[in-house]
Amino acid sequence: MTERATPAPSDPTRTVLLRGGEVHSPADPFATAMVVERGHIAWVGSEGAADAFAQGVDEVVDLDGALVTPAFTDAHVHTTSAGLALTGLDLSEAASLPEALAQVRAYALARPADRVLLGHGWDAARWPERRAPRRRELDEATGGRPLYLSRIDAHSAVVTTALLDLVPGVPAEQADGDEPLTRDAHHLVRRAAFGALTAAQRAEAQRAALDRAASLGIGSVHECGGPDISSAEDFTALLELARTHPGPRVFGYWADRDIDRAKALGAVGAAGDLFVDGALGSHTACLHAPYADAAHTGTGYLDARAVAEHVAACTEAGLQAGFHAIGDAAITAVVEGVRAAAEKVGLARIRAARHRVEHAEMMTAATIAAFADLGLTASVQPAFDALWGGEEGMYADRLGAERARTLNPYAALLKAGVPLAFGSDAPVTPLDPWGAVRAAAFHRTPAHRVSVRAAFAAHTRGGWRAMGRDDAGILVPGAPADYAVWRTAELVVQAPDDRVARWSTDPRSGTPGLPDLTPGTDLPVCLATVVGGREVFVRPQG
């Protein structure tokens, strides 16, 4: 038997006892120790009981008071794009148009060999100028080179003349204009831009994203690929990398109505960003009533009939279906389509398939009830509210304050019994699981807040349940040994209703605590991440 202070097992084939910490487990709310054997949790319990295991294990790890939790699952990621934002041009922190153009100029000078310059993250709604970069400004900043620069929501982009010259088929009204490209024009230039990546550039970006995820306690990610988002080569390369690179598990969703193609690529579902509409920031989310700041209702890509056909086909093939739907009209189309599919194949089969809806922002009482009835999972991103919510945020600009206050109603969804799975949509918002839990618990609209415990469950077990797995995302005997070790302050129980919070901190309640996520407090620091009993991240000491 060996002992060490590193807070993770060194070999997944060894039997390891972790002790002297706080273990977040429904099996024992006061657990301080855990045994890991052959990649699974073998036992969870108290320090006194741990003595009985100490002599029979291969290794003992001293947690030194650290917190052990299930590893997070990020249920919506674009891995290559997230990695490019980490390794390349990220404009999400640019405070003005001139600052963004200066960053573009510096990046172009620093990357003379790139066939196409790629950047992401500009948000004119937060700039004093309140407008996107114009094409001539980008032509000047890049020295006339091809550039693709996606808006923060990734549903529109600005490009240079040189990139447009490489992409036939862009409609003249967009190619000749000076507004950001949307819809089919955007899909065409995005496909060309990402197609210019070399295999080495792609692998570098994917490794960077997976390594960052592991360093944040993320043990699995749901990759949301598709023909309008990335490429089959990108998708399969990521799945292959994940099989050999120490890091999070990667479960791939391919957004394609060709379900045979999705299966052939190794996808777990013909789902993810199968677009029913676009995004609010780009004025492409599909609404029932016009935007407050534009005289139209956005863009619809699929109607209820197309949704029904896809859901029925996936259900009969034993494959998960799913859609990207943000606007209320888009969500209505999804609900109507899934109901029609249920009439064809049976409601029980629809519920058992656990089909998903990504984002699901503009919900109503009727669509929430329909999600619950149809067994739909809402795969949502709490950081969206933190970034764009509030009385003066982008949502209020696009919809007016009254409609904006209805967005992302997590409390109502949970109350109705709708399963939630949390994610980031990285690179739209950064990989930041504790930040997402905080954003849900301290939603900008108080009525939509949920307890930290419920938010944490949505970002751990919720991601596994969204794939049809009920045996993972928790630290109980038999579950996969996917966990993270954290340095954090005192554990508490936080809930929107202070009476519940006070009761839950009473030891008699048996409610395991979690870190204090009150805005302004430091978030937990990941010391180690373990996937299947194998350490994929250990924070350097010092």
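This is a predicted model: local features need pLDDT of at least 70, side-chain atom pairs count only at pLDDT 80 or more; totals for chains, interfaces and linings use all residues.
Guide: Let's start with the residue classes: Ala, Val, Leu, Ile, Met, Phe, Trp, Tyr, Cys and Pro are nonpolar, Asp, Glu, Lys and Arg are charged, and the others, Gly among them, are polar. Numbering starts from 1 along each chain as its sequence is written, and side-chain values use heavy atoms, with hydrogens and water left out.

Visitor: How many cavities of 30 Å³ or more does the search find?
Guide: The general idea first: rolling a probe the size of a water molecule over the atoms shows where empty space is left. On a 1 Å grid over the protein atoms alone, a cavity is a set of points where a 1.4 Å probe fits but cannot get out; a pocket is an open set with protein on both sides within 12 Å along at least five of seven lines; lining residues have an atom within 4 Å of a point. Points join across faces, edges and corners, and a volume is the space filled by probe spheres set on them. Here, the whole structure holds five cavities of 30 Å³ or more.

Visitor: What volume does the largest cavity have, and which residues are closest to its centre?
Guide: Its volume is about 510 Å³. The lining has 43 residues, and Ser 81, His 120, Ser 150, Ala 154 and Pro 427 are the closest to the centre. Elements giving two or more residues to this lining include helix 2 (79-87), strand 10 (117-122), strand 11 (147-151) and helix 15 (382-388); helices (H or I, at least four residues) and strands (E, at least two) are DSSP runs, numbered from the N terminus. By class, the lining of the largest cavity divides into 23 nonpolar, 12 polar and eight charged residues.

Visitor: And what lines the second largest cavity?
Guide: That cavity has a volume of about 60 Å³. Its lining includes Val 452, Arg 453, Gln 494 and Leu 514, and helix 20 (452-459) and strand 22 (514-515) each supply at least two residues. The classes there are six nonpolar, three polar and one charged.

Visitor: Now the open spaces: which residues lie nearest the centre of the largest pocket?
Guide: Glu 179, Pro 180, Gly 281, Ser 282 and His 283, out of 27 lining residues. The largest pocket holds about 680 Å³ of space, and its lining has six nonpolar, 10 polar and 11 charged residues.
The second largest pocket holds about 520 Å³. Among its 28 lining residues, Pro 427, Val 428, Thr 429, Pro 430 and Leu 431 are the closest to the centre. Helix 19 (433-441) gives the most to that lining, with four residues. By class, the lining has 15 nonpolar, eight polar and five charged residues.

Visitor: In what order do the strands of the four-strand sheet run?
Guide: Strands of a sheet pair through backbone hydrogen bonds, either parallel or antiparallel. Two strands pair if DSSP finds at least two bridges between them. This open sheet has the order 9-10-11-12, with mixed pairing, and its edge strands are strand 9 (89-90) and strand 12 (157-159). Strands 10 and 11 run parallel, joined by five bridges. His 120 has Ser 150 in strand 11 as its bridge partner, and both are among the residues closest to the centre of the largest cavity.

Visitor: What about the five-strand sheet, and which strands are at its edges?
Guide: This open sheet has the order 3-7-20-23-24, again with mixed pairing. Strand 3 (22-23) and strand 24 (534-538) are the edges, each pairing on one side only. Strand 3 runs parallel to strand 7 (residues 67-70) with two bridges, and Glu 22 is the bridge partner of Leu 67.
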